[in-house]
Amino acid sequence: MANYNWPEMKTRAVMGKRYTRQDGLEKSTGRAKYNSDLNKPGMLQSAFLTSPYAHAKIRSIDTSAAEKLAGVTAVRVIVAAGAEVNYQSQEIALVAATSEQIARDAVRLIKVDFEVLPHVVKEDDLSKVGNRAKPAGEQVTGDPDKAMKEADVVSEGMYGIPVLTHCCLEPHGQVSEWKGDGVNLWPSTQNVTGIGPDLAKNLEVPATQVKVHMDYIGGGFGSKFASDRWGVEGTKLSKASGGRPVKVFLDRATELNIAGNRPSAFAKIKIAAKKDGTITAWDSVSWATGGMTGGGMPPIPYAFTNIPNRRLNHTAVQTNGGPLRAWRAPNHPQASFLTCAALEDLASKLGMDPLELFAKNVQYAPEARRETYLHQLKKAAELSDWSKRWHRRGDSGAGPIKRGMGIGLCTWGGAGHASTCKATIHPDGSVEVELGSQDLGTGTRTIVGQVAAETLGLPLEAVKVKLGDNSYPPSNASGGSTTVGGVSSSTRIATADALDKLFAKVAPSLNSTADKLEAVGGKIQVKGDASKSIQWAAACKKLGVESASATGSNDPRNPKGLNTQGVAGVQIADVSVDVETGVVKMNKMVAVQDCGLVVNPRLAESQVLGACIMSVCGALMEERVMDNATGRVLNPEMEFYKLAGIGDIGDIVVHMDIREENDKRGIIGLGEPPTIGGIAAIANAVANAIGVRVPSVPLTPDRVLAALEERRSA
Amino acid sequence: MQAFEYANPTTVKDAVGMLSAQWGEADVLAGGTDLLSLMKEYTHTPKRVVNIKGIKELGGIQKTSSGLRIGAVVTLDELATNAAVRSEYPSLVQAALGVTSPQIRNMGTVGGDLCQRPRCWYFRQGFGILGQDKNGKSLVQTGENRFHAIFPQAPAFYVNPSSLAPALIALGARVTITGPNGSRELSVEKLFVVPKTNKDRELALAANEILTAINLPPAKGIKNATYEVRQKQALDWPLTTASVALKMKGSTVTSASIVLGHVGPAPVQAKQAEAMLAGKALTPDLAADAGKAAANGAQPMSGTAYKVQLVRTAVKRALLEAMKQRA
């Protein structure tokens, strides 16, 4: 049996190297075709009629005029008369037509009689949500009251982080074609293998009859797993239009309103501590919304999970907003912000350096992470010049520009998901690996190629990686930082097994046996004896007409030491705040992150860079603005739903914590962890700079100036 | 977007003839950076769109006997890179560069900057220029108004969106407007009017008139600067702007013009602050005091109190910036 273990760190030839992403040229030249770029012959366009109200009952709906409009091929009513809509932009009907313009005109011809019902769209003030508050009960550990009483110091604060919307540059949607007994689907999805069965169950066709293809995706961040209403209704429209392909991609406003809402989180937090900074108790009253399903409690206290005395009260708030979707590290950025902000406030109250306070309380982190956090705090401090730049709360320097530093932490699982790979070595020496997985832009194609090339002793370009089609062996959805562990492990096993078959064919010519051979440097040779070798191409010729092919799977219950879970990371932000305008400027962000064995440090760093940029947006700019009176989202566009540009992100320094001891653990996912601690770090840096906590992010000029004003008048 | 007829005239006369005396019938297209969004959202549903970018006489920046004439379809980028503008009107260059999207600077025109519609999110969502519910109650006053006015003129609580207007007003610029009966001139400050109902427009233009040029008086010896408070470096709308133009005698200000942007439905002339500077040597302390005076009389709403501070800062910094210029 083949040896699947990863080669020693120092002997790797392709893995661990800084290859640029394999599809970088296609993407940057525009040659890469996203499914939203598709234009198939005879393809129909579509438009949604969506609800203008946050809550309403549909008394009647009349689509007859729309149906009669020339160019309209079919209309689907999604919410029938008598039913309610529960948020603005909820899909009511979908029209297919020969042009987008006709589809939009047709939508305007649909007559709906709404009975407008009361709504609740804001949750920042819990006292104003009435019966939309759904208390989740109290959890008590130890004796928090006693600990509070006996504490040397008790720090209290209020913190909030609003609903954000994913804002994928490629909106949600697909082109679908329901012809005969089968469906062709070209979606924008994080779930190439799973979206077919998901669609099939809603269409009542066999899952095997849905063929899915997607080469590239323009952003998902956790919001693109399911076939969704647009998938189901768009495909039904195709059938109703005689099997012509139908394109449904959401417009920007609908995309922002309904295709991704990260739950908010608000909390009043009380922390008790000893004079030396050791935390003795935590008491939090938190609430959150993610639409009509409410919002769960973020995992607080975050990272410092074992604070001995804890009381947690959480309330889910049902609001008439778009339904929540998973967002890169579900609930973790919220939890990290709430926790690290409260800790920073405690440090300030104690007059302590927060670096020291965080380090002191690492004792409450899960045991497996403690040493890592201590190592990373030290490294991040060094890279951010903490000892020189950190000062007590409030930059006392002259002038309106105040500089400050802050820390945020992360933790995540990231074990590899179930994944199957088929590897084939052809007689002409070419190699193909096929997985029903997807490259979310993270570099999956590249790292799969690196793993295969490493295993086969070949250069990266010798391997053809095929992803993005559900005719390839199944892989799970890319969510929760599970892809790299899953696809690397299945690829390793499949390629090693295929290689074994090649060894068996080659062994006789080397007077050896398969188990004594190795593939190194484009040759197959007897282990440790380069004099007994055969070039790769010559070796493959010995396959005759039959390719050497094998299928390998990653079984999450037994990952064979190839992948594992559990990472830590530390981020430090360095900001300047103009206290006369409230504008926060990023100077520098340092991210120190471990993720076990790193297949490609360049791509890993790129993941972390993206995550830091996301954190800058979340900390300083992003916020879904809801209007009480109209129940509407006021900023479903990209002018007032603000995102950072290059000039806004400052200098980002990424340090991948690549050490022998981390490497030995195997591969761990990286998508979520670096998105977690940044908001906390930036918010803490602003408090450190200006001398006062701005309770809620994003830290916009109005909020920063309001916090300064409140302190002045206090 | 509603289907429309597209007209591509080559003379102002033809263009004017293609417009309608009624608002809503036809729209003028220049850079299109605002109009196209308005049409896509069905906020504007013109039956005819009249492209004026092909009209040669609307282009170019020329020195005239009375200063500088800037054609209406000159782009913000052309404005910001023009040598004559750069030498005498730094406040205008700073204002144009405050439009931090290169795409908008390349496509957007000076006429369009003045004629664009307010960014008020209630307006953009179909609640009319005044942002009112169906009973005529302001949604802005009791709603989400963080980007709105601190110098409102009820019933208007939106802010004028122009980046260039404060600088143009401070510099004493006038616009040429051409209609069926020929051309007329108007000071830029008079271009902006305050609507009383949702049917009114916010510009002193008739529906069949076109803003054809901006005329700047000479500014030799006039120190001028714009300071814009904006959150982002990338495309972002200004939160508050101050433009100043100072006539000097040695180090003494003989007269000052201070105009605030994005704080009211029209640019606001800060008269108290202007008066405070006249006859005095400008010092940092005086600049700060003028900033404070400029914010006098502000009537912030629930979300706009911070703009009082922004006015103070913007005026102070614009003055200090102007002070740095060589006479």
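**Figure 1. Strand pairing around B:Val259 in chain B.** In this predicted model, B:Val259 stands opposite B:Gln269, a residue of strand 12 of chain B. Strands are DSSP runs of E with at least two residues, helices are DSSP runs of H or I with at least four residues, and both are numbered from the N terminus. Strand 11 (residues 252-261) of chain B is joined to strand 12 of chain B by two bridges, and the two run antiparallel. Two strands are said to pair if DSSP finds at least two bridges between them. The open sheet to which they belong has four strands in the order 9-10-11-12 (chain B), with antiparallel pairing. Strand 9 (222-229) and strand 12 (268-269) of chain B each have a single partner strand and stand at the edges, so one side of each is left without a neighbour in the sheet. Strands of a sheet pair through backbone hydrogen bonds, either parallel or antiparallel.

The model is predicted, so local features need pLDDT of at least 70 and side-chain atom pairs count only at pLDDT 80 or more, whereas totals for chains, interfaces and linings use all residues. Residues are numbered from 1 along each chain as its sequence is written, while chains are lettered from A and ligands numbered from 1 in the order in which they are written.

Figure 2. Four bridges pair strand 17 (residues 419-425) of chain A with strand 18 (residues 431-434) of chain A in the antiparallel sense. Within this pair, A:Lys422 has A:Glu434 of strand 18 as its bridge partner. The two strands form a hairpin with five residues between them, and A:Gly429 in the turn has a positive phi of about 95°. Strand 18 of chain A also pairs with strand 19 (residues 463-466) of chain A, in the parallel sense and over four bridges. Here A:Glu432 has A:Lys464 of strand 19 as its bridge partner.

**Figure 3. Strand 3 of chain A and its antiparallel partner.** Strand 3 (residues 72-77) of chain A is mostly covered, with five of its six residues buried. A residue is buried if 20 or more other C-beta atoms lie within 10 Å of its own, exposed if 12 or fewer do, and partly exposed in between; the C-beta atoms are placed from the backbone. Strand 3 of chain A runs antiparallel to strand 5 (residues 91-97) of chain A, and five bridges join them. A:Val75 stands opposite A:Val95, which lies in strand 5 of chain A.

**Figure 4. The surroundings of A:Ala347.** A:Ala347 lies in helix 8 (residues 332-350) of chain A. This residue counts as buried because A:Ala347 has 25 C-beta neighbours inside 10 Å. Leaving aside residues up to four places away in sequence, A:Ala347 touches A:Met352, A:Asp353, A:Pro354 and A:Leu357. Two residues are in contact if their C-beta atoms, placed from the backbone, lie within 7 Å. The C-alpha atoms of A:Ala347 and A:Gly277 are separated by 7.2 Å, although these residues are 70 residues apart along the chain.

**Figure 5. Helix 17 of chain A and the glycine that follows.** Helix 17 (residues 678-690) of chain A has 13 residues and reaches 18 Å from its first C-alpha to its last, close to the 18 Å expected at 1.5 Å a residue. The expected span is 1.5 Å times one less than the number of residues in the helix. Helix 17 of chain A is mostly covered, as 13 of its 13 residues are buried. A:Gly691 follows the helix and has a positive phi, near 85°.

Figure 6. An automatic or database domain assignment supplies the bounds: domain 2 (35-117 + 172-249) and domain 3 (265-414 + 564-713) are among the domains of chain A. The C-alpha centres of domain 2 and domain 3 of chain A lie 38 Å apart. In the contact, 10 residues of domain 2 of chain A meet 13 residues of domain 3 of chain A. The side of domain 2 that touches domain 3 has four nonpolar, six polar and no charged residues. Ala, Val, Leu, Ile, Met, Phe, Trp, Tyr, Cys and Pro count as nonpolar, Asp, Glu, Lys and Arg as charged, and the others, Gly among them, as polar.

**Figure 7. Contact between chain A and chain B.** Chain A contributes 25 residues to the contact and chain B contributes 24 residues. On the side of chain B that touches chain A, helix 13 (residues 306-324) of chain B supplies the largest share, four residues. By class, this side of chain B has 11 nonpolar, eight polar and five charged residues.
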